[in-house]
Amino acid sequence: ETLAAFRHQIAGEGPAERVLVANLAYDMAIRGEPAERVAELARRALANGALLAEETSESLTYYLAAWTLALAEHPDEATGELDAALAQARDNGSALGFAMATCVRSNVLYRRGLILEAEADARNALEAASAGAWQGGLPLAVGFLIDALVERGRIDAATEVLEASGI
């Protein structure tokens, strides 16, 4: 509520304001605000690569902004943002960035109907998260992998993933 109260005062012109706008965009998306307004805020936060450069591929804030584009019905744009984060993670040798980028991209690919690719990304995210790169991301990776498996009709495999996860 506090962040929403300032939404008309935040320009998103500096690094700190871009972080605020990214969080605001995501919050507005999950509250069901108009998609184009949400997408506009996410784009402002992402600022043509500025947020990624400032926060790096290890920033949850970056992923909130990128994912918000998908939630606002711009999954192709979101994929481009996530591809950029994945490239940066690989360039920097960041296991955390790799885990986060593949996890969120899995959901975006799923939303685009690219189920095999979504499954592959979810498996990569789950493997990286399980290896300690992003323990907090395990539930997301498991959930996104289950989504892809269920979509493919692989209910037994989805059940095995869930049982193996301990969630």
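Modeller: Before we look at this predicted model, take one definition: the expected span of a helix is 1.5 Å times one less than its number of residues.

Biologist: What span should helix α8 have, and how far apart are its end C-alpha atoms?

Modeller: Helix α8 covers residues 115-130, and its 16 residues should span 22 Å at 1.5 Å a residue; the end C-alpha atoms are 22 Å apart, which agrees with that expectation. Just after α8, G132 adopts a positive phi of about 105°.

Biologist: Which residues of α8 are buried, and against which helices do they pack?

Modeller: The buried residues of α8 are I115, A118, E119, D121, A122, A125, L126, A128 and A129, and they pack against α7 (95-111), α9 (138-151) and α10 (155-165).

Biologist: How should I read the sides of a helix such as α10, and which of its residues are buried or exposed?

Modeller: The general idea is that an α-helix has 3.6 residues a turn, so residues three or four places apart point the same way. In α10, the buried residues are A157, A158 and V161. Because they cover an arc of only 100° around the axis, these residues lie on the same side of α10. On the other side of α10, D156, E160 and E163 are exposed. The buried residues of α10 pack against α8 and α9, and the helix is followed by G166, whose phi is positive, near 75°.

Biologist: How many residues are in the largest nonpolar core, and which have the most contacts inside it?

Modeller: That core has 45 residues, and those with the most contacts inside it are L51, Y62, Y63 and V161. Its largest share, seven residues, comes from α5. Leaving out residues up to four places away in sequence, L51 touches R18, V19, A22, A45, L46, T56, T61, Y62 and A65.

Biologist: Which side chain has a polar atom 3.2 Å from the backbone nitrogen of T61?

Modeller: The side chain of S59 provides that polar atom, 3.2 Å from the backbone nitrogen of T61. S59 sits in the loop between α4 (50-55) and α5 (60-71), and this loop residue is buried, with a relative accessible area of 6%.

Technical notes: Residues numbered from 1 in each chain as written. Predicted model: local features only at pLDDT ≥ 70, side-chain atom pairs only at ≥ 80, totals over all residues. Heavy atoms only, no water. Helix = DSSP H or I, 4+ residues; strand = E, 2+ residues; numbered from the N terminus. Buried < 20%, exposed > 50% of the residue type's maximum accessible area, 1.4 Å probe, protein only. Polar contact = N/O pair within 3.5 Å; in protein donor to acceptor, adjacent residues only side chain to side chain. Contact = heavy atoms within 4.5 Å. Core = buried A, V, L, I, M, F, W, Y, C linked by side-chain atoms within 4.5 Å. Arc of directions from axis to C-beta.
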